[in-house]
Amino acid sequence: MASEELAKKLQSRLVATQEAADHDPRPESGPSPVLRPRPQEAEAACGDSSSSSSSSELSAVLTRRQDINDGTAAPRLTRVFNPYTEFKEFSRKQIKDMEAMFKRYDTGRDGFIDLMELKLMMEKLGAPQTHLGLKNMIKEVDEDFDGKLSYREFLLIFRRAAAGELQEESGLMALARLSEINVSTEGVMGAKDFFEAKMQALSVGSKFEAEIQEEKEERKRQEVEKKQRQAAFKQLQSAFCS
């Protein structure tokens with residue numbers, strides 16, 4: 001409705017301007033008058049432009065979806081990260097220790113360790129760094145260039161430390177050394193030949209299964225102890241009540 005009223009106003013002003021130009025004694029070669037909308041008309045136009053902007057965004061989404069269906073554009077893939085399969089050189093216990101450490105210093109609980117959180121971490125570990133040093137630490141493993149450490153990038157620090165790819169005096173090496181997490185290589189990275197690598201791969205698989213079984217047995221043992229404590233408490237309670 002507002003668009004129709006605006007169109008009528010502009011049309012009437014255009015007619016009036018044209019009539020004035022017909023009676024104007026100046027030569028026709030002169031510059032034509034500039035048609036400017038009134039403030040009220042401009043506000044109405046802005047309201048229409050916001051709706052047209054939303055329409056253009058929807059159109060862009062539909063166009064991309066059509067391109068994906070036609071095979072002319074690739075869909076954005078969501079990467080599923082599994083630390084146990086991607087970082088096979090570490091045991092389950094090592095990965096869990098690294099995850100616990102990451103969560104301890106992710107005070108924002110957003111799944112990342114930013115510059116200030118890394119600063120606090122290094123101070124707690126007894127190896128404070130300068131602002132530039134902290135930025136360089138992140139930059140060394142920052143794969144997506146977002147200026148902070150994801151959990152995967154945090155694990156990369158320990159992978160590179162285990163592989164001997166970090167400089168001894170670097171901040172990342174200090175982090176890995178002071179974390180009290182043993183990052184000695186346990187997978188096939190240090191194998192000298194194909195057969196030795198095969199044997200180590202088999203041992204890693206069996207060790208992985210053994211760790212899972214050990215965790216299950218530990219949970220069973222805790223359940224048994226819990227039931228025993230409950231039974232002892234009930235027995236003691238009945239003795240007092242009798």
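Predicted model: local features only at pLDDT ≥ 70, side-chain atom pairs only at ≥ 80, totals over all residues.

Trainee: OK, which residue forms a salt bridge with Glu218?
Mentor: Arg221 does, with the closest N and O atoms 2.3 Å apart. A salt bridge needs a side-chain nitrogen of Lys or Arg within 4 Å of a carboxyl oxygen of Asp or Glu. Arg221 is partly exposed at 39% relative accessibility.

Trainee: And how are Arg221 and Glu218 placed in helix α9?
Mentor: They are three residues apart in α9 (residues 194–241), about one helical turn. Helices are DSSP runs of H or I with at least four residues, strands are E runs of at least two, and both are numbered from the N terminus.

Trainee: Why does that spacing matter in general?
Mentor: An α-helix has 3.6 residues a turn, so residues three or four places apart point the same way.

Trainee: How many salt bridges does the structure hold?
Mentor: There are 13. Another one pairs Glu140 with Arg160, the closest N and O atoms being 3.8 Å apart. Glu140 sits in α6 (residues 131–141) and Arg160 in α7 (residues 151–162), so this pair ties together parts that are 20 residues apart in sequence.

Trainee: What about Arg152 and Glu143?
Mentor: Their side chains meet in a salt bridge at 2.5 Å, N to O. Arg152 counts as buried at 15%, whereas Glu143 is partly exposed at 45%.

Trainee: Switching topic: where is Glu89?
Mentor: Glu89 is in the loop between α3 (83–86) and α4. At 5% relative accessibility, Glu89 counts as buried.

Trainee: What does its side chain touch?
Mentor: The Glu89 side chain makes a polar contact with the side chain of Arg159, at 2.5 Å. That term means a pair of N or O atoms within 3.5 Å; within protein, one must be able to donate a hydrogen and the other to accept it, and residues adjacent in sequence count only if both atoms are side-chain atoms.

Trainee: Now helices. How many residues of α8 are buried?
Mentor: Six of the eight in α8 (residues 171–178), so the helix is mostly covered. Among the buried ones are Leu172, Met173 and Leu175. The buried residues pack against α4 (92–105), α5 (115–124), α6 and α7, where contact means heavy atoms within 4.5 Å.

Trainee: What follows α8?
Mentor: Glu180, with a positive phi near 60 degrees.

Trainee: Last one: at what angle do the axes of α5 and α6 cross?
Mentor: At roughly 105 degrees, and the axes come within 10 Å. The two helices are therefore roughly perpendicular. Residues making the contact include Leu115 and Met122 of α5 and His131 and Ile138 of α6.

Terms used
Residues numbered from 1 in each chain as written. Heavy atoms only, no water. Buried < 20%, exposed > 50% of the residue type's maximum accessible area, 1.4 Å probe, protein only. Axes fitted to C-alpha atoms, helices over the stretch in contact; angles between N-to-C directions. Parallel < 35°, antiparallel > 145°, perpendicular 65-115°, else oblique.
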